[in-house]
Amino acid sequence: MELIRLTGPRLICREYRQTPEEAEALHAVFGDPETARYLPFEPRGVEECADQIGHYLEEAEREPRTYYRLAVVPLADAGDDGEGGVPIGQAAFTRDGDTAAFVGYALRRDTWGRGYAGEITELLCGFGFRTLGLHRLAARIDPDNTASARVVERAGFRLEGRIRHELRVGGSWRDSLQYSLLEPEWAAARTT
């Protein structure tokens, strides 16, 4: 398995571990109705979160790897080897062909407003553009999630448009706003 670890100033995005503690940590994000209202699924139970982690680890074994779900841990808690600490969220990266990917994140509600989403977005952009050599990254955001829209806009993403009735969650249709960032735009912003 290709182990991924993305390290920022305050956070590490690393592979999940199949432990009860990691399942509980994921449940603190995915099981919270306030957080899940912006996600493409209804709140999940602890067992569902444990199953998800198993799925993430199976996907990490695939060649080529296209699906990355990484545990987000505060750097101060990660330990010397970067493997410790309790996850406070998830970084999501899904390749879309050879030149593009979708990025996203979800954080435990008590960590909102600390700039972590911006740091995760920057780490995912660096991974996509520098490490994988991709040309385009995209993000889909619930139209009501104005905080996430601001995060991707600050990272340089541009609004492309609204995807009407993209998702059906809990019996209701949801729209998404699609944003994108091209590698030349990302690189130019880092040289100025």
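Me: Which residues have the most contacts inside the largest nonpolar core?
Reply: Happy to look at that with you, bearing in mind that this is a predicted model. The largest nonpolar core has 34 residues. Within that core, the residues with the most contacts are L6, F93, L137 and F157.

Me: And which element gives the most to this core?
Reply: Several elements give two or more residues to the core, among them the strands β3 (67–74), β4 (89–95) and β5 (100–107), and the helices α4 (116–131) and α5 (146–154). The top contribution is eight residues, and it comes from α4.

Me: Is C49 buried or exposed, and how far away is the nearest cysteine sulfur?
Reply: C49 has a relative accessible area of 0%, and because buried means under 20%, C49 is buried. C49 is in no disulfide. The nearest cysteine sulfur belongs to C13, and its distance is 18 Å.

Me: What about C125: which cysteine has the sulfur nearest to it?
Reply: C125 also counts as buried, at 0% relative accessibility. A disulfide needs two cysteine sulfur atoms within 2.5 Å, whereas here the nearest one is 12 Å away, so C125 is in no disulfide. That nearest sulfur is the one of C13.

Me: How many disulfides does the count come to?
Reply: A disulfide is a covalent bond between the sulfur atoms of two cysteines. C49 is in no disulfide, and C125 is in no disulfide either. For the model, the count of disulfides comes to zero.

Me: Which element gives the largest share of the lining of the largest pocket?
Reply: The largest pocket holds about 1,300 Å³ of space and is lined by 50 residues. By class, 24 of these are nonpolar, 14 polar and 12 charged. Nearest its centre lie L39, G104, Y105, A106 and R140. The largest share of the lining, seven residues, comes from α5.

Me: What is the radius of gyration of the protein?
Reply: The protein has six helices and eight strands, and its C-alpha trace spans about 45 × 40 × 35 Å along the principal axes. With 192 residues, a compact globule would have a radius of gyration near 16 Å. The protein agrees with that, at 16 Å.

Me: Lastly, what share of the residues of the protein count as buried?
Reply: Buried here means a relative accessible area under 20%. Of the 192 residues, the share that counts as buried is 46%.

Methods
Residues numbered from 1 in each chain as written. Predicted model: local features only at pLDDT ≥ 70, side-chain atom pairs only at ≥ 80, totals over all residues. Heavy atoms only, no water. Core = buried A, V, L, I, M, F, W, Y, C linked by side-chain atoms within 4.5 Å. Buried < 20%, exposed > 50% of the residue type's maximum accessible area, 1.4 Å probe, protein only. Helix = DSSP H or I, 4+ residues; strand = E, 2+ residues; numbered from the N terminus. 1 Å grid on protein atoms, 1.4 Å probe; cavity = no way out; pocket = protein on both sides within 12 Å on 5 of 7 lines; lining within 4 Å. Points joined across faces, edges and corners; volume = space filled by probe spheres on them. Nonpolar A, V, L, I, M, F, W, Y, C, P; charged D, E, K, R; others polar. Rg over C-alpha atoms; globule rule 2.2 N^0.38 Å.
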